[in-house]
Amino acid sequence: MTSLLDTEITKKTKVPIWSSLKTTVPIAFLIPLVTCVGMLGYIAIQSSDYAAEKFKRQNMKALSSQVQETLKNYLEEPHLINKINTDAISEKKLSLSNINELEKYFWKQAQFFPDVNGIQFGTAKDGRLRSIVREKEDLSFNVVDTSTKGRNFVFEALENGERGKRTDKGDYDPRKRPWYKTALGKNKSTWTEVFAKRTSSTIQLRLSAVQEVYDKDTNELLGVLAVDFFLTQISEFLNKFAQGTSKEIFIVERSGKLIAASSDEDLFKHEKGKKEIQRVSAKNSDDSTIKSATQKIEAKFSSFKNITKEEFVRFSASGKPQIARISPFTAFNLDWMIILVIPEIEFTQAVEQTRKTTIILGIGTFAFSVLLGLLVTRWLINPILKLNEAAKQIEDDSIPFEPEKIAPITQRSDEIGELAGMFNDMAQEIFAREQSLKDRVQQMRQETDQAKKAALASGLSGNVDVNTLLLRSQQARQKVGD
C-alpha cells in the first residue's frame, strides 16, 4: 500500500505540461521561427507591392513620354513650314507679284512634309489665295484671284506639279476665314481652334498653325500663312501605338472634348443632311473606357482645368480595374491632356505570381524548418526523457531499472553521451549498494529468526541474546544508511 508520504512526493514531482521539455522546447523553437518567416513574408510582399507600384508609374511615364515626343514631331512641322515660308515671302525670295510661284513652291514642300494636310497663303491686300491640299494620297491646288473672280477653283495637282482638272467650289475670301483672323495681331506662329473641315469625301477635324507675314522693309502686312494638320493622323498613330495591347490612349482639351483616341471612337457627331457638326466630349463617349476614365477624373478633380501636373486615378471599366495616367501637353502653346489607360492586371499579374511564389516558398521553408526543428528537438530531448525515465525507475523500487534502455545514449560522443555514461555508472553503483543492503538486511533477519528459534528451543528467556541481535541489526542498518 502506498503511504501518504509517497503520495505527497508523487504530487510534488509531477511535472506540469507547460514545464515539460516536450512542450517548452518545440514552442521555444517554433515561436521565433514563425515570427521570422512571417516577418520575412510580409516584408517580401510589401517590397513586391512597392516595386510593382514603382514599375507601374515608370512604365506609364515612359509610354506617355513616347506619345508626347511623337506628338511634338507631328506638331513641330506646321510651325517649321510657317517659319520657312514667312522668311521667304518677307525677304521677297518668293514674289507675290507672281503669286503662281507659290503653287509650285507649296507643291514641292508637300513632297518633303507628307504629314501636313495643307499649306496656304492668303493676301491681305486683295484676298488672293494659293494653297496645296492633301486628301489621302491626292494633292490639289486652291486658287482665288482676279482670274477666278473671287471664286475658289480647285485644280487637281498632276505628278509634275502642273494643274489638272478644275472644280469650282464657290465664293471664297481668305480674309474672312477663321484661320486668317486667328493669326492677326499675334505676330507669331500660333494655333487655331480645332474645327471641322469638309473634304471632297469626308469630314475631318483640323488644326491649323497660322502666322502673319510682314514686309521686312515697310512692315506692311502681306498676308497670313496657314499649315493644316488633320487630327485623324494623331488617332492613327495612337491606334498603332496601342495595337496588340490592352492599353488605351486618348487626348482631350481642357474642356474635355476629344482630340484623338487609340480606339475607333468618333471625335464628332454629324447628322446626314445637316451642316452642324458637334464635337464629342470624352465623358459622353461611346467607348466605355474613355467614358469611365473621364467620369472618374472629373469626380476627383472636378475638371481637367484643375490638373496642373501628372496624376494617377484608378477606376473600373467593363468590370475590370484600370489605372489612368493624366499628363498635361503644353508644347507649341497647346493645352491638351494625354490620358493613358492600362488594366491593372497587366501590372498585378506579375505581383500576384511573385506573391504566390513567396507564399509557397515561405510555407515550404516553414514546413521544412519545423520538420528539421522537430527532428533536432527529438534528437536532443529524447535522451533526456529516457534518462528521466531511468531516474524514475531508480527512485521507484517497484519498477526495475533497465540499463540497456540508456545504453545507446552512452555511445554518443557529445555532452549528453557523457551525462548518460555518468548516470549509468551512478545507477549501477546505487543498484549495487541497494542490493548489498538488501542482502545484509535479509541476512540479519535470518540470524534474528534463528536466534529466536534457538532461545525458544532451550527454554531460556533469551533476552540477552535477542537484544544483542536486535542491536546488531540496528547498527547494520545505520551503517548502510551512512
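Which residue in S15 is the bridge partner of Arg314? Ile323 is.

First, the ground rules. This is a predicted model, with residues numbered from 1 along each chain as its sequence is written; local features need pLDDT of at least 70, side-chain atom pairs count only at pLDDT 80 or more, and totals for chains, interfaces and linings use all residues. Side-chain values use heavy atoms, leaving out hydrogens and water.

Now the overall picture. The protein chain has 10 helices and 16 strands. Those are DSSP runs, numbered from the N terminus: helices are H or I with at least four residues, strands are E with at least two. Of the 482 residues, 41% are buried. Buried means under 20% relative accessible area, exposed means over 50%, and partly exposed lies in between, with a 1.4 Å probe and protein chains only. The accessible surface is about 28,800 Å², and carbon and sulfur atoms hold 54% of that. Those areas come from the Shrake-Rupley method with a 1.4 Å probe, and for residues only the protein chains shown count as cover. Then contacts, meaning heavy atoms within 4.5 Å. Take the contacts with a separation of 6 or more: 53% of them join residues 24 or more positions apart.

Back to the sheet. It is open, it has 5 strands, and the order is S11-S10-S16-S15-S14. Pairing is antiparallel. Two strands pair if DSSP finds at least two bridges between them. Which strands stand at the edges? S11 (258–261) and S14 (311–317) do. Each has a single partner strand, so one side of each is left without a neighbour in the sheet. From one strand to the next, the twist averages 25°.

Look at S15, residues 320–329. Of its 10 residues, 7 are buried. On one side, 7 bridges join S14 to S15. The hairpin there has 2 residues between the strands, and Ser318 in the turn has a positive phi of about 55°. S15 also pairs with S16 (residues 336–343), through 8 bridges. Our Ile323 turns up again here, with Ile342 as its bridge partner in S16. Ala324 has Val341. That hairpin has 6 residues between its strands, and Phe332 in the turn has a positive phi of about 55°.

What lies across this sheet? H5 (residues 232–242) lies across S10 (248–253), S11 and S16, at about 40° to S11. H6 (residues 288–301) lies across S10, S11, S14, S15 and S16, at about 130° to S14. A word on angles: axes are lines fitted to C-alpha atoms, for helices over the stretch in contact, and angles run from 0 to 180 degrees between N-to-C directions.

Stay with H6. It has 14 residues and reaches 20 Å from first C-alpha to last, close to the 20 Å expected at 1.5 Å a residue. The expected span is 1.5 Å times one less than the number of residues. Its buried residues include Ile290, Ala293, Ile297 and Phe301. The buried residues of H6 pack against S10, S11, S14, S15 and S16.

Next, another set of strands. S9 (residues 221–230) is mostly covered, with 9 of its 10 residues buried. S1 (residues 118–123) joins S9 through 6 bridges, running antiparallel. Gly118 has Asp228 as its bridge partner there. S8 (residues 203–214) pairs with S9 too, antiparallel, over 9 bridges. In that pairing, Val213 stands opposite Gly223. The hairpin of S8 and S9 has 6 residues between the strands, and Asn219 takes a positive phi near 60°.

Now helix H3, residues 101–112. Its 12 residues should span 16 Å at 1.5 Å a residue, and the end C-alpha atoms are 17 Å apart, which agrees. Which residues of H3 are buried? Leu102, Glu103, Phe106, Trp107, Gln109 and Ala110.

One last stop: Ala390, in helix H7 (residues 345–395). Ala390 counts as buried, at 4% relative accessibility. Ala390 and Ala427 are 37 residues apart in sequence, yet their C-alpha atoms are 8.7 Å apart in space.
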